[in-house]
Amino acid sequence: MDATINFGNFNSLYDFFEAFPDEKACISFLEKKRWSNGVVSPYDATSKVYRRGDGNYRCKNTGKNFNVRIGTIFEGTKLPLRKWFMSIYLLCNHKKAISATQLAKDINVTLKTAWFLLHKIRKTFHTVHLEKLDGEVELDEAFVGGKNKNRHANKKVKNSQGRSFKDKVPVLGMLQRGGNVICKVVKDTSAKSLTPCILKAVKRTANLFTDEWVGYDIIRKIYKTQMVDHGKGQYVIGNAYTNSIEGFWSNFCKRVINAIYNHVGRKYMQRYFDEFSFRYNTRNVSNKVRFDMVIVNTYIRVTQNQIVGK
């Protein structure tokens, strides 16, 4: 590794290209991040490692050759790391995300390649901010799907207003005021579905704020909870409100889906909401820090079959 390379603090696309002018710079950066205390064999962590003349490494104990891509989301692809890095930068730092169609044009790859690339990057987002929420936490659900009024007459779904999700996918949102948000795609909005998600994501010491929905009835017996009854026109009662999580749905999720992604299928929806959560949770850090956070979570092997669920 070239310890003299200075990757700087890039806060613009120009700075990004200055930091990563070629493939060698990208490899050096990834090696520095992954092996800060020396190269470790992915096949035997106790083995001595030799550097080969072609830039790869050799594990003495197993006799296998490897490079820094092995055991990461970059493994098994011929795409240059520079295009990977640019894709990560664009996805993380576009305020309203980037579509596969636009990314394909920006980095000169096929639409299929861009689609798989974006989904592999999204797989890293759920590993960020794993700590439980605490303090003041707002709970609410969003329902993702096309508006019934915009459908053709033969495709309209009867009785799909309000919390009905016959034609939509419900998502539970848990937002700590001044902190992070966690989103979980759920089967339905019953107490049976919502309660385990909340118990797993929120500390018992938290103070919860909800609306009147009966799906929170069990939670109200476990946590200290304050409620606003939207059905009775109550939206703010002192410190009790759910405006923060509702703002997240509006500004970080639904606008992006409508403007950029157009349609998000149930099968892949959790990854998109992991992306929205990541963008919200890193709203106060620099572009470089956000990029670094993704890079250190790329050390997972992700195949195309895993992406499509085969």
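The stops below cover a helix pair, some aromatic rings and a couple of charges over rings. Keep in mind that this is a predicted model.

**Stop 1: two helices.** Select residues 23-34, helix α2, and residues 287-295, helix α10. Their axes are 11 Å apart and the packing angle is about 70°, so α2 and α10 are roughly perpendicular to each other, the range for that being 65 to 115 degrees. Now show side chains: from α2 you want F29, L30 and K33, which meet K288, F291, D292 and I295 of α10. Sorted by class, that contact has 4 nonpolar and 3 charged residues, with no polar ones.

**Stop 2: aromatic rings.** The whole structure holds 27 aromatic pairs. Start with F16 and F17: the ring centres are 5.6 Å apart and the planes sit at 75°, so this pair is edge-to-face. How accessible are these two? F16 has 0% relative accessibility and so counts as buried, while F17, at 29%, counts as partly exposed.

Next, pick F74 and W84, where centres 5.1 Å apart and planes at 75° make the pair edge-to-face. F74 is in the loop between β3 and α3, W84 is in helix α3, and the two are 10 residues apart. Both are buried.

Now put it together: F16, F17, F20, F29, F74, W84, F85, Y89 and F291 form one aromatic cluster.

**Stop 3: charges over rings.** Select R177 and Y241: R177 lies over the face of Y241, 3.8 Å from the ring centre. Finish with R283, which lies over the face of Y280 at 4.0 Å from the ring centre.

Terms used. Residues numbered from 1 in each chain as written. Predicted model: local features only at pLDDT ≥ 70, side-chain atom pairs only at ≥ 80, totals over all residues. Heavy atoms only, no water. Axes fitted to C-alpha atoms, helices over the stretch in contact; angles between N-to-C directions. Helix = DSSP H or I, 4+ residues; strand = E, 2+ residues; numbered from the N terminus. Parallel < 35°, antiparallel > 145°, perpendicular 65-115°, else oblique. Contact = heavy atoms within 4.5 Å. Nonpolar A, V, L, I, M, F, W, Y, C, P; charged D, E, K, R; others polar. Phe/Tyr/Trp six-rings, centres within 6.5 Å; stacked < 30°, edge-to-face > 60°. Buried < 20%, exposed > 50% of the residue type's maximum accessible area, 1.4 Å probe, protein only. Lys NZ or Arg CZ within 6 Å of the ring centre and 35° of its normal.
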